[in-house]
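Thanks for making the time this morning. I would like to go through one chain with you, and I will ask you to keep the structure open while I talk.

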Amino acid sequence: MATSAVKHGELVTLEELNPSSPHFTQGASLRVTGKLQEYNVDTAVALIVDGNASLKIDTQHLKVNLRMGSLYQFIGEMLIQPPNEAILKARVGRNVDGMDLNLYHQSLQLLKEFQADQMIERTH
């Protein structure tokens, strides 16, 4: 019996999501965090921001109450439409108010450094 595995959401910051990023690919499974800046009830599209970066989130399959200015984390798949406009089709969304974004960014940086070190050790 064949099973289809759901991919984990790769941890990325919004600033990492630009057309030159390896994560900026059609269907990439990502986990992103940002503050809700806009929400269109008719289209169920949200806009989250983190620093100078932003990302549209398709929330049509979520049952989460969105509040402007609150911090959210979404897991889903990237859809890239011409001309390089990205939208994350979310399958999971949660409110993460109270999370220290600076500390979160520091922990992501440390995690990436650790993973890079592990890759180097495996090749030796």
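Predicted model: local features only at pLDDT ≥ 70, side-chain atom pairs only at ≥ 80, totals over all residues.

The chain contains one helix and six strands, and, read from the N terminus, the order of elements is β-β-β-β-β-β-α. Its C-alpha atoms fill a box of roughly 55 × 40 × 35 Å along the principal axes, and 35% of the 124 residues are buried. Of the contacts between residues at least 6 apart in sequence, 54% join residues at least 24 apart.

Let me now turn to strand E3, residues 45–50, where five of the six residues are buried. Which strands does E3 pair with? On one hand there is E2, residues 29–40, which runs antiparallel to E3 and is joined to it by five bridges, with Lys-35 partnering Val-49. On the other hand there is E4, residues 53–58, also antiparallel to E3, this time over six bridges, and here Ile-48 has Leu-55 as its partner.

Both connections are hairpins: four residues separate E2 from E3, and Ala-44 in that turn has a positive phi of about 60°, while two residues separate E3 from E4, with Gly-51 in the turn at a positive phi of about 65°.

That leaves helix H1, residues 101–123, whose 23 residues reach 33 Å from first C-alpha to last, close to the 33 Å expected at 1.5 Å a residue. At the start of H1, a side-chain oxygen of Asp-100 comes to within 3.0 Å of the backbone nitrogen of Asn-102.

Methods. Residues numbered from 1 in each chain as written. Heavy atoms only, no water. Buried < 20%, exposed > 50% of the residue type's maximum accessible area, 1.4 Å probe, protein only. Pairing = 2+ DSSP bridges. Expected span 1.5 Å × (residues − 1). Polar contact = N/O pair within 3.5 Å; in protein donor to acceptor, adjacent residues only side chain to side chain. Contact = heavy atoms within 4.5 Å.
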